[in-house]
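Hi,

Here is the structure I promised to pass on. Have a look at it first, and then read my notes below.

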Amino acid sequence: MSAIDYYFTSASPFSYLGHQPLRAVARKHGVEINVKPVNLPGIWQVSGALPPAQRPPVRQRLRLVELQRIADYRGMPINVKPKHWPVDPALADRSVIALQQLGGDPLSYMERIFAALWANDEDIADEQVLAKYLAREGFDAEAVLQAARQPEAAEIREQNTNEAISADAVGVPTYVLNGEAFFGQDRVEYLDHALAKGRAPFTAG
């Protein structure tokens with residue numbers, strides 16, 4: 001069974017809202033998740049998307065409504081206008097990469113970081129916030145953050161970004177199964193269906 005490549009960034013509310021459902025689908029089908037933090041603006045440059053603040057007002061309003069609607073549907077708490085946003089997610093993303101390099105499973109830590117920003121009004125650019133949640137997951141926070149500061153972690157994030165672009169990701173989260181990209185938390189159910197059917201990937205021709 002193929003693994004799911006999971007492209008995300010720690011500052012994404014839609015990654016937050018899709019994270020638990022994705023984990024549930026992976027458990028259901030017994031597939032692994034390859035966690036791949038990305039530099040989202042690098043993907044947007046190719047896909048033509050704009051940061052929320054640069055979008056037309058009607059799209060900004062729709063985004064806020066959609067976040068509330070999805071959170072309600074998923075039964076998850078959300079603050080659609082968190083205190084610490086926009087925020088630079090680079091260190092949080094690199095801490096996930098560092099955890100992988102050190103042999104840890106980052107998925108539960110990621111869940112905490114998503115919620116820290118989008119439910120708990122915490123600053124995920126603050127090393128103390130990251131250290132707190134690393135420790136709560138039983139990791140050596142100092143070792144992880146030291147590894148996250150190294151150039152290799154940043155290089156891996158850029159490599160993930162290039163891979164996402166090559167996979168036709170237009171934003172995050174994007175889940176890639178057998179070369180087929182499922183963009184957006186609302187595609188988790190389609191991913192579940194594809195895994196259940198065991199079908200060949202769809203392509204653009």
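P173 sits in the loop between α8 (151–166) and β3 (174–177). (Helices, H or I of at least four residues, and strands, E of at least two, are DSSP runs numbered from the N terminus.) The peptide bond joining V172 to P173 is cis, with omega about -5 degrees. There's another cis bond between W85 and P86, where omega is about 5 degrees. P86 is in a loop too, the one between α3 (57–74) and α4.

Before you go on: this is a predicted model, in which local features need pLDDT of at least 70 and side-chain atom pairs count only at pLDDT 80 or more, while totals for chains, interfaces and linings use all residues. Residues are numbered from 1 along each chain as its sequence is written, and side-chain values use heavy atoms, with hydrogens and water left out.

Back to V172: T9 touches this residue, and also S15, V38, L40, P89, D93, F114 and R157, leaving aside residues up to four places away in sequence. (Contact means heavy atoms within 4.5 Å.) T9 belongs to the loop between β1 (4–8) and α1 (13–29). Is T9 buried or exposed? T9 counts as buried because its relative accessibility is 3%. (Buried is under 20% relative accessible area, exposed is over 50%, and partly exposed is in between, using a 1.4 Å probe and protein chains only.)

Now for some backbone angles. Most residues other than glycine have a negative phi, and most peptide bonds are trans. D121 isn't a glycine, yet has a positive phi of about 60 degrees. D121 lies in the loop between α5 and α6 and is partly exposed, at 32% relative accessible area. N178, also not a glycine, has a positive phi near 50 degrees. You'll find N178 in the loop between β3 and β4 (180–183), and at 39% relative accessibility N178 counts as partly exposed.

Last stop, helix α6. Which residues of α6 (residues 127–136) are buried? They are V129, L130, Y133 and L134. Looking down the axis of α6, these fall within an arc of 130 degrees, so they line one face of the helix. (The arc is that of the directions from the helix axis to the C-beta atoms.) An α-helix has 3.6 residues a turn, so residues three or four places apart point the same way. The buried residues of α6 pack against α4 (90–101), α5 (107–118) and α7 (141–148). After α6 comes G138, with a positive phi near 85 degrees.

Cheers
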